[in-house]
Amino acid sequence: MVLTVLLLVLLAGLAGSSPPPEPVVCARGTADCTVSNAFGSFLDRTVCRAAHATFPRTEKELVAAVAAASAAKRKVKVATKHSHSFPKLACPGGSDATIISTERLNRVVSVDVAKGLMTVESGMVLRDLIQAAAAKGLALPHSPYWSGLTIGGLLATGAHGSSLWGKGGAVHEYVVGMRIVTPAPASQGFAVVRELCADHPDLNAAKVSLGVLGVVSQVTLALQPMFKRSVTFVTRDDSDMAEKAARWGDLHEFGDMAWLPQLRKVIYREDDRVAIKTVGDGLNDHLGFRSNPTAPLISGRVTMELLEKNINAIARCKAANATVSLFETVAYGFTNNGSMFTGYPVVGFQHQIQASGACLGSQEDALLTSCAWDPRIRGTFFYTNGYSIALSRVPAFIADMQQLRDRSPLSFCGIDASVGMLLRYVKASSAYLGKPEDSIDFDISYYRSYSKGEPNPHYDVLDELQQMALHKYSAIPHWGKNRNFAFEGTMAKHPKADKFLEVKQRYDPDGIFSSEWSDQVLGINGSPAIFEKHCAIEGMCICSDDSHCAPEEGYYCLPGKVYTDARVCSFQPAF
Ligand SMILES: Cc1cc2nc3c(=O)[nH]c(=O)nc-3n(C[C@H](O)[C@H](O)[C@H](O)COP(=O)(O)OP(=O)(O)OC[C@H]3O[C@@H](n4cnc5c(N)ncnc54)[C@H](O)[C@@H]3O)c2cc1C
C-alpha cells in the first residue's frame, strides 16, 4: 500500500527537488574534508578523509593543484559533482591527501558542428552535455540511462547504454581526444598537460582509467547529427529469453531487455533510430529518476524492511508485482509529448530519450522531495551489481539463472521489485580496461540493510547468481558498481591489463593518484576482499567459514543450489 501511494505521488511529476548533497564536505574552509558518494555510504560503510580539497575552475588551476600534490608526493584523487560510484573509487590514498573536485570544470570548450566534434570540461554533468550538444543540432549517440554522472566519472568507470551497432553502447567509444594532467618531474614544474588525439595509443588507457593516470581536464567527443528514436516496450513470457538475448542486440540499435524472474516475464525494449521527420516529441522522464516526496519514501522503506526479513514473504512479491504493474501502466515514465503517454511507439529526439534525471532539479525545498537514494533521509538504500558476460556464453548463463529461479522463486522478487534485471549490450573495446568481447551487461539493484552485518534470507540466491556469473561465466564487473568480492581477480579477465599498467607507471610513477582500493582492484597490492566476521553478509568476501555469515542468527556458509561451487550464507531454520 505504502509503495503504491509512493508511486502514485511520483506519477504526479513533482517539479522541484532538493538537489543531491555535496559529496565533498570540509570542516574548515577547504581543509579537514570528507568525501562520500551519492548514497552517503561506500561499500564498507566508511566515509573517506582528505586533508584538503580544491575546486579548480580552469585548466591552469587544475595544473597548479596537481603540481602541488606532485611536488609534495601527496596522494590525490578526483571527486565529481555527485559521486555516483558504489566502490571507493573516489577515495584518495591515506588520510593526508588532496581531493580535486571537478564540480567547477563544467563548461563547453568548443563545438565544431561541421565535424560533429564537441570538447567539454571533464566535470560536466551528462545532462548538461546532452543539452549543450542538442542546442547545436548534435547528439551523443549512446550514454548511461541516468544523466547525473559526469563525463570524467562515467568514462573512468567504462559506463554505457546499450548497443551492438556501430561502435556500440559505451561512451568511451566516442572519445576522440583528451587532455589529461599528470604528475611530472620538477624540471617540468611537477605537472604537465598531455594531449591525446584519436590515434594516440595512450588514449586506450586514458578513456577508461579509474582515475589513476591523472586528472582528465577536457574530453573531445565525436557526435552525430541529431536524430530521433522510436521506443516500444513489449512484455512477453521468459521461456525463450536465452535465445532472444543472443539476437535482440542485432535486431534493435538501442534494444535492451529487463527480466522479471519471479513473474517469468521479460520487458523487451524495441528501440530504433528513425527518420528525423518522423512525427513525435516524446520524452523519457524515467519514474525511478524523478524527485520523490520524502515522507512516503521513508514509510515505504519501513515497510520494505519488514518484508525483507521474512523468508516466505508472499507480501514482498505482491508489492513487487504492484510496482511492476504501475511502471508498465505509465510506460516507465515515457510520454509522447512531454506530459502524457498516449501509446507506443514513443518517438522523440535522441537528447530527450537517451537518459533522464529529473530529481537532479535545482529548487531547494527543504527535503520535501529528493532523489530516492538521498542519504539525508532514511529512504531507498540499495546495492547494484553489474557485470558483463561474453555474448557466446550468455544463453547458458540465462539457462542457469532460470534453473536457480525455479528452485527459489520467492528470492527473486527483490529483482522484480526494481523492475527487473537489466540486460544491455556493450561492444568489444579498444580501451585497455573496457570489454574485451561483445557482451551483455547484467544489472540488478536490490535491498541493502542500513545495519551492518544484518543477514537477509534472500541474499544466498543473489550471491550465488553473481558468483556463478563471475566464476563459471568469467563475468567482468562494472568498475563503478558491485561489492568488494566481485573485483577479486578482475585484472586477469582484461587481456590488455599489462598495457594499462605500463601507461599508469609512465604517467604517475609515484602512484599519487592511486589508493588502497585502486591498488587492490588493479592487482597491484592486496585484495579487495576483506575477511572478517559477517564479511559475506556485507559482500566484502565470499564465505569460507560460518563466521563470515551469521551463525548466531541461523546463517551458515553453504554451497549454492545450482552452482554448487558457490559459497553463500544460507538460512538454516533450527529444528
Ligand atoms: C542511479 C544510477 C544510474 C546509473 N546508470 C548507469 C548506466 O546506465 N550505465 C552505466 O554504465 N553505469 C551507470 N551507473 C554507474 C555509473 O556509471 C558509475 O558509477 C559512474 O560512471 C560514476 O560517474 P560519476 O561522475 O559519479 O563519477 P565518480 O563516481 O565520482 O568517479 C568515478 C571515478 O572516476 C574518477 N574521475 C572522475 N572524474 C575524473 C577526471 N576528470 N579525471 C580523472 N578521474 C576522474 C574518480 O576519481 C573515480 O575514481 C549508474 C549509477 C547510478 C547511481
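View 1. Trp373 is buried (under 20% relative accessible area, against over 50% for exposed and in between for partly exposed, using a 1.4 Å probe and protein chains only), since its relative accessible area is 11%. This is a predicted model, in which local features need pLDDT of at least 70 and side-chain atom pairs count only at pLDDT 80 or more, while totals for chains, interfaces and linings use all residues. Residues are numbered from 1 along each chain as its sequence is written, and side-chain values use heavy atoms, leaving out hydrogens and water. Phe289 and Trp373 make an edge-to-face aromatic pair, at 6.2 Å centre to centre and 80 degrees between the planes. Rings of Phe, Tyr and Trp (its six-membered ring) pair if their centres lie within 6.5 Å; planes under 30 degrees apart are stacked, over 60 edge-to-face, and the rest tilted. Phe289 lies in the loop between strands E16 (283–284) and E17 (292–293), and Trp373 in the loop between strands E20 (369–370) and E21 (382–390), so the pair ties together parts that are 84 residues apart in sequence. Strands here are DSSP runs of at least two residues (E), and helices runs of at least four (H or I), numbered from the N terminus.

**View 2. Tyr383 beside Tyr446.** With ring centres 5.6 Å apart and planes at 45 degrees, this pair is tilted. Tyr383 belongs to strand E21 and Tyr446 to strand E23 (residues 439–447), so parts 63 residues apart in sequence are tied together. Both Tyr383 and Tyr446 are buried.

View 3. Across the whole structure, a search finds 25 aromatic pairs.

**View 4. Arginines over rings.** Arg194 has its charged end over the ring of Tyr507, 3.9 Å from the ring centre. Likewise, the charged end of Arg273 sits over the ring of Phe227, 3.8 Å from its centre. The criterion for sitting over a ring is NZ of Lys or CZ of Arg within 6 Å of the ring centre and within 35 degrees of the ring normal.

View 5. A polar side-chain atom of Thr157 is 2.6 Å from a ligand oxygen atom. For His478, a side-chain N or O atom lies 2.8 Å from an oxygen atom of the ligand.

Notes:
Polar contact = N/O pair within 3.5 Å; in protein donor to acceptor, adjacent residues only side chain to side chain.
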